[in-house]
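Hello,

Here is the structure we talked about handing over. Please open it and keep it beside this message while you read.

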Amino acid sequence: MPSHNGMREISVSSSIQRRDLMRVGAGATLATLAQTSVRQAKAQDNKAQVLAGATGAFDDGTVRQIAKRLASSPYKGPDQSLPKAIENLNFDQYRGIAYREDRALWHSDNLAFDVEFFPRGFLYKPRIEIFEVNDGQSAAVPYSSDLFTYSDPALEVQQDLGFAGLRLRTAINTPGVMEEFCVFLGASYFRAVAKGQNYGLSARGFANGTGDPKGEEFALFRAFWLEKPQPNVKSVVIHALMDSPSVTGAFSFTIRPGDTTVFDVQSTFFPRTAIQQPGVAPLTGMFYFDANDHNHVDDWRPAAHDSEALQMWTGAGQQLFRPLRNPLDLQISAFNDVSPRGFGLMQRRRQFQDFEDLALNYEKRPSLWIEPIGDWGEGWVDLVEIPTPNEVNDNIVSFWRPKAPLAAGKEYSFTYRMYWGWDNPFPTSLARIGATRVGSVVDDKNARFFAIDFVGTPLEHLPLDTHLHLVPQASAGTIRNVVVEPNPNVKGWRTTFEFVPGDEKVAELRAVLATDSGPISEEWLYRWTP
């Protein structure tokens, strides 16, 4: 799957990484300019109809009312037309248009936050409307070409182009030094970091048809409302209007950056059509290879991924850990649950030696944990693993899929908390999976060797006479030669076994570390395919 319209290529320093596109053509003719003016006039009329009520009095229900009204009419996308001079920007040209730090919204107001905006062009052509809310009143954030600097002066266009997205800044790492920690850019994608981290995985507002051979629909955050924070307040509130041919949505994000950056999210959806495969709180990451899955990757590093596993805490209290794979064929897994306590794409490897990459610093990528607020009922945590030949593409998607499809004309609300940080934010009394390694078996080319390390405080304080054993299961094939032994290098235990699939083409494996009194670890899950 392409990397959310280029979004995963964002870095803290430059916010965009390389893509190759066609270069700009010749200057516009008078006829083209006239056509552009007509398109812009139509776009302004469309915007006025779509965003009626966007300015003036504003409260917590304003965006919801706009989304509800919008859902009752056919979809009309935002303006994507651009002047000829910037219609086909390549990566270098786009990166050469930089927002001026001294013109950031709230820059001179001595607040904990300020906001910079992205220009339109390159991969980000839709015009995204942005408003500031101050004392209960909403007003458009004015656009001017003077807000940007241009490495190529020919790319400065005087007309009102509007913005493509936004970045939030705060003094997250060094007092008095404003740094980017959150970006909303491209479709309904957004991403954030905690203190000391680099960008990694992303989230988005909604998923529709992920993994479906018919194709996936990508909704768009087409407007944002930024509430101006009060002095000395360490949180900021952003409202977003989501739109697509199938559904509209209203979002409120209360964002608190820090050692863990926390988003409180209130979302409401208004389907235009019945949605058979809805995805709530979707997460998007990249898994290229690791010690559990590197057979078809010839790379000098020990691993390369934004996330290493899907972790789940079920409504029944199970703690599950599913290492990710870069499969040869599309894989879709669904984990049934009722009232889930949480799920997330996690990065547990935190040492430079785990990746040995001086440029990409995968050990500093955030984990992202979703905590549902309220009862989400019955459904599935879906995991979609898409083959990728490199680490450029995002190929991992996970989300909550309600049991019942979303019906047209109805209203659905989901509230949740997002934790962008170094780990699951909640402590556990169980031992945890420290690593999963998979390889060949000597003298048996049809078998696979599995090594699972269990670590954590519970294992460091076991009585010396404790009898530990592994309880493995396989939905198909055979497990043999199970061994459990201390691993003092990680202050834990190593478990190994051989898996013989026979003629099977897929097998679901499970394992848990136990004493004679019962399980003492989270449950390891794994999908084996040839």
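**Cavities, a sheet and some rings**

The largest share of the lining of the largest cavity comes from strand S27, which gives four residues. Please keep in mind that this is a predicted model.

How many cavities of 30 Å³ or more does the structure hold? There are two. The largest has a volume of about 90 Å³. Its lining is made up of Phe287, Asp290, Asn292, Glu308, Phe321, Pro323, Arg349, Ile433, Gly434, Ala435 and Thr436. Two elements give two or more residues to this lining: strand S20 (319-323) and strand S27 (432-441). By residue class, the lining of the largest cavity has five nonpolar, three polar and three charged residues.

The second largest cavity has a volume of about 80 Å³. Around this cavity you will find Ile86, Ile97, Pro119, Arg120, Tyr143, Phe148, Tyr150, Leu155, Val157, Leu161 and Gly162. Here the division is nine nonpolar, one polar and one charged.

Four strands form an open sheet in the order S27-S28-S31-S30, with antiparallel pairing. Which strands are at the edges? They are S27 and strand S30 (478-487), each of which pairs on one side only. On average, neighbouring strands of this sheet are turned by 15° against each other, direction ignored. As background, the strands of a sheet pair through backbone hydrogen bonds, and the pairing can be parallel or antiparallel.

Going through the sheet from the S27 side, nine bridges join S27 to S28, and the two run antiparallel. In this pairing Gly439 stands opposite Phe449 in S28. S27 and S28 also form a hairpin, with two residues between them. Asp443 sits in the turn of that hairpin and has a positive phi of about 70°.

The next pairing is between strand S28 (residues 444-455) and strand S31 (residues 492-500), which run antiparallel and are joined by seven bridges. Ala451 stands opposite Thr496 in S31.

The ring centres of Phe497 and Trp524 are 6.1 Å apart and the planes are at 75°, so the pair is edge-to-face. Phe497 is buried, with a relative accessible area of 0%. Trp524 is buried as well, with a relative accessible area of 0%.

If you want an order for looking at it, begin with the lining of the largest cavity, where S27 gives four residues. Then follow the sheet in the order S27-S28-S31-S30. Finish at the ring pair of Phe497 and Trp524.

Regards

Key
Residues numbered from 1 in each chain as written. Predicted model: local features only at pLDDT ≥ 70, side-chain atom pairs only at ≥ 80, totals over all residues. Heavy atoms only, no water. 1 Å grid on protein atoms, 1.4 Å probe; cavity = no way out; pocket = protein on both sides within 12 Å on 5 of 7 lines; lining within 4 Å. Points joined across faces, edges and corners; volume = space filled by probe spheres on them. Nonpolar A, V, L, I, M, F, W, Y, C, P; charged D, E, K, R; others polar. Pairing = 2+ DSSP bridges. Axes fitted to C-alpha atoms, helices over the stretch in contact; angles between N-to-C directions. Phe/Tyr/Trp six-rings, centres within 6.5 Å; stacked < 30°, edge-to-face > 60°. Buried < 20%, exposed > 50% of the residue type's maximum accessible area, 1.4 Å probe, protein only.
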